[in-house]
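Please show the structure first. Some questions about it come after that.

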Amino acid sequence: MRNRRLLFVAFILSCLITLFSFAPIELKKINFIVPKGWPQPAYSFTKYPLTEEGFQLGRKLFYDPVLSRDGSVSCASCHNQSTGFTHVDHAHSHGIEGRTGTRNTPALMNLAWNKLYMWDGAVNNIEVQALAPITNPIEMDETLEHVVKKLNSSRIYRHMFDDVFGDSVVTGQHLLLAITQFVVQLNSYNSKYDKHIRKEAGGKFTNEEEHGLQLFRQHCTSCHTEPLFTNNQFENNGLPIDNTIHDIGRMKVTQNPADSLKFKVPTLRNIQYSAPYMHDGRFTRLAQVVNHYTGGIVRSGNLSEKLAKPVVLTEDEKKDLIAFLMTLTDREFLLNLRYSFPKETK
Amino acid sequence: MKRIYSSFLLCLFFALFSATVHAKGVLVIKIQPVFRGKTLILGDKTYVSEKGDPMTIEEFKCYISALNLTGPKSSYPIKNSAHLINAEDSATLTYKIDNIPSGVYNTLKFNIGLDSLTNVSGALGGDLDPTLGMYWAWNTGYINAKLTGHSNVCQTLHNKFEFHIGGYMGPYVTVRKASIQLPDIEISDKTPATLTLQVDVATWFNDIHLVSMNNVVTPSKEALRIADNYMNMFQVSQSDENGK
């Protein structure tokens, strides 16, 4: 009788163990923070909720040169955290084998509020953005099929994908979704400007900064709209065309002549560190940028109507405007260890 | 004990009842790639287009999606039915559809290619996974249909011609609607019904000369023209016992 009871208990125990070993791992959910006063993000998190495991997998991929054909270049090669995830000192970044691109690496932040990606809006969803640099011959020059094959031969990656997606076979879809989990969390909203708006400690503006903010709201805000400092539109900002590259911008995607020379309005957050400036990185200093808008605009047919009225600023006003732009620097973002190279490995 | 027994019987009865009322069946669609009615052989076999261009076919891939079966009494939209046909992969030439409400159907409607919603929905899986060579990275969107090969009239590298037909935004929308009249197909829970469709790639070349048009790989006027050419490439196979 006693034996029977023991057997029964053993049976129940083994049933429980089997059940638990097959139960999916509980993933740690992450709530996406919408800063106070900000609009809702354009990207919806309902289909693929954010998880800590997904974030860490995406982070590992972001810093892993396995994404490039010869294993020499990772996302972080051109998107360096300390400069707002852009390529400092490089007007045009270089991909594998020193191949040089034609456009300035965009800074990465607050991407969930974007609708279209790249300077010309060629990519319509953040989930598929990474495909562009992976497959571009002058960037990583790889195929998605081959990256997936390489990842499937890694025991560590197969484990991580299994944890996140419940499937130890890496697929193109899961690779892209993992990278998305990381990049949509690169959010910057703790600059001096933000603290000033929220009336928090460390947010007290100097007279110059305050005056600069007023000038900004008078002349710049129609395109670089607060709080994201972009209206997410495509505009011709009057740059003289570069005859060596002859980049027609948005028209390349839409094939509509009205979109000729239009480029995405970039965010100005962390602009102090994200030099050089403009889609082709032609300006290295903010003073050059301000001088372009006050005196360098080429008035062609489809110049942004927001630039129709000339901007006139005195030298002191220009200095104040730049003083204000410096308040958009968010050191908590630029130095956040959570976004940096993942030193711990499984 | 008796009560448990009777409730079990009741459940069984309901299960049987609902099974008979909502009987569902299976349709197996077989796809035969052909060139002017003759089985398409990839690689060495030479075909001649309507305009007289000789050619060999290297690759043929095509999405079908949003399938809908219609009969005199009912219409059944098949959810998430995007399917990639690849002439090289025989597994993709059989497409099984489950859970079709039983009844008689005589029309099959579907899209050749993918609608705009699919094109803006981010990273998708299964037949829509971007690793399948049917996705553009340089300008987001799916390639709806792909046909490549060689012809000695093409003044190109290795005499290659390449048609990657895609584009979901106006004015270059390349998805096409197909509507095919079927012999009456009876779907029941007994044996699966079969339907054999021929897909004739010769239609792509209806009104084009390969010497002047041999590289269409972006959303464009040329892409629209080829999509219009191939919109009738699917037909019910006459040689098979369809619907039986």
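This is a predicted model: local features need pLDDT of at least 70, side-chain atom pairs count only at pLDDT 80 or more; totals for chains, interfaces and linings use all residues.

Residues are numbered from 1 along each chain as its sequence is written, while chains are lettered from A and ligands numbered from 1 in the order in which they are written.

Visitor: In chain B, how many bridges join strand 8 and strand 12?

Guide: Strands (E, at least two residues) are DSSP runs numbered from the N terminus, as are helices (H or I, at least four). Two strands pair if DSSP finds at least two bridges between them. Strand 8 and strand 12 (residues 176-187) of chain B are antiparallel, and their bridges number nine.

Visitor: Which residue of strand 8 of chain B is the bridge partner of B:Ser65?

Guide: Strand 4 (residues 54-70) of chain B runs antiparallel to strand 8 (residues 103-112) of chain B, with five bridges. In strand 8, the partner of B:Ser65 is B:Asn111.

Visitor: Which helix of chain A gives the most to the side that touches chain B?

Guide: Residues are in contact if their C-beta atoms, placed from the backbone, lie within 7 Å. The contact takes 18 residues from chain A and 12 from chain B. Helix 4 (126-129), helix 5 (131-135), helix 6 (144-152) and helix 8 (172-183) of chain A each supply at least two residues of chain A's side. The most, four residues, comes from helix 8.

Conventions: Two residues are in contact if their C-beta atoms, placed from the backbone, lie within 7 Å.
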